[in-house]
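Please look over the model below. A short report on its fold and contacts follows.

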Amino acid sequence: MSFVDFRNVWLAYNEELLAKGHFAVEDISLQVDEGEFIAIVGPSGCGKSTFMKLTTGLKMPSRGSIAIGGQPVTGPLKISGMAFQAPSLLPWRSTVDNVLLPLEIVEPYRSTFKRKRREYEARARTLLQSVGLAGYEDKFPWQLSGGMQQRASICRALIHEPKMLLLDEPFGALDAFTREELWCTLRDLHAAQRFNVILVTHDLRESVFLADTVYCMSRSPGRFVVKRQIELPRPRDLDVTYTPEFTEIVHELRGHIGAVRKSGAAIAQ
Amino acid sequence: MKITRRMERWSPLLVLAAALLLWQLVVAAFSIPEFIFPSPWQIAQDFAAFKGPLLEAAWKTFWVTMLGFALSIVVGVLLGFVIGSSRLAYTALYPLMVAFNAVPKAAVVPILVVWFGIGLGPGILTAFLISFFPITVNIATGLATLEPELEDVLRVLGARRWDVLVKVGLPRSMPYFYGSLKIAITLAFVGTVLAEMTAGDSGIGYLMQTAGSQQRMPLAFAGLVTIGAMAMAMYELFSWVEKRTTGWAHRGSQAD
């Protein structure tokens, strides 16, 4: 049974647009198994962030149904963690306190927070160390570089041990070298903890390197036009990105996106 | 000539000394009588002579102001929280508050005297009424301008609105809050002295009023200097508190 189950989901942003038949995303169907890593690639404004909002329960579908873990989605999920393009760390808290923030909000951690604070803090520090931020736990966010802040942001998304990690173009603001480093960090975290990942990105290489399945979304109104299994064996080294097989896959997907961009309909407002 | 750090630090004192010197020279040169415009030297003499009453009055004004100021912090923060967190409250209350704030508090003092009698009441209340508005506005602004990205981080976890306001909104508003305290404290002093002058029986305002009516200008000016010194000391205190507690917000301006 799939963990994430979208069936024929349509979303219009408000009543007016719904009446006019202007949808942000159309006929989205997708099934994600437990532990699977999927990536969604598409042009700007195609509805990727809308898709994220549907997955996290921040928006309800106009048509169709969404079920996660077998349960229909009725509101924001506590079993998911999310990281955005901007790290959005709270500047008045140290890095470790920032990572602890979800535990102050989400049950069952929230009610046991005072009692188990030391245990939680140790967990946060271990997590930070595992992504290479040892020694920076007590520093403030502005003392960290962009890549480090993003790493901390991902730790914050994982501290409450979610079953699902949603990443909305998390590496978009980073330079190429830092990006590749963080790909490996993410790959390792996923291999160790086996949560679901839904990664939204512009970067084809990123999606093919990291994901088990890549979905291409058309321009607005967004539809999935391609679904491609990535058969490359795990664990994947960065070197694989320079092999012919890899390049072929990326090239193929690029062709699909190119076709999508040329023939796209006028963007619905 | 290179401006050194040391020169920068001493510059305010140099300017003050120069101003005092100029003042003294002008009064001496034009032989301005004492009861029109006293010189710094005459003021200093009266300061020494009336040290006792001056300090006593200053102390009275000080703690009356502090009481009014404490009240305005409590009310200012609560009101600011309500207004900043609810768009309805914002639209409904803001115009009324602006209108209220525009009324000169000097006009309000006689009313307060009728209600509370001469003495502490009008002093504390005027200080409060005149100084709570900046605090309210700043807290409300801090909350209302909360960046959606910071909010999203919590909403995705299923946080309630209250959580978002308390964990993100309020800490985020602290720089605005401490900034407003600096303004509010000086306003509070104005309020107290105003009440004392109009309808007080003690404090610096009352002393200045009495001295003025007896043509003792140097004493009145000495009172003025006392208030100025107190207000400045409090301003500096809150400025220091602001730097200590909201260092995270000032990191951009620390480049020297």
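The report covers a sheet, the helices on it, and the chain contacts.

This is a predicted model: local features need pLDDT of at least 70, side-chain atom pairs count only at pLDDT 80 or more, and totals for chains, interfaces and linings use all residues. Residues are numbered from 1 along each chain as its sequence is written, and chains are lettered from A and ligands numbered from 1 in the order in which they are written.

In chain A, six strands form an open, mixed sheet, ordered E6-E7-E8-E3-E9-E10. Strands (E, at least two residues) and helices (H or I, at least four) are DSSP runs, numbered from the N terminus. Two strands pair if DSSP finds at least two bridges between them. E6 (80–83) and E10 (224–229) of chain A are the edge strands, each with a single partner strand, so one side of each has no neighbour in the sheet. E7(A) and E8(A) pair in the parallel sense over five bridges. Leu167(A) has Leu199(A) as its bridge partner in E8(A).

Contact means C-beta atoms, placed from the backbone, within 7 Å. Angles run from 0 to 180 degrees between N-to-C directions, with axes as lines fitted to C-alpha atoms, for helices over the stretch in contact.

| Helix | Strands touched | Angle |
|---|---|---|
| H2(A) | E3, E6, E7, E8 and E9 of chain A | about 155 degrees with E7(A) |
| H5(A) | E6 and E7 of chain A | about 165 degrees with E6(A) |

After H2(A) comes Gly57(A), with a positive phi near 80 degrees.

Between the chains, 17 residues of chain A contact 15 residues of chain B.

Technical notes
Two residues are in contact if their C-beta atoms, placed from the backbone, lie within 7 Å.
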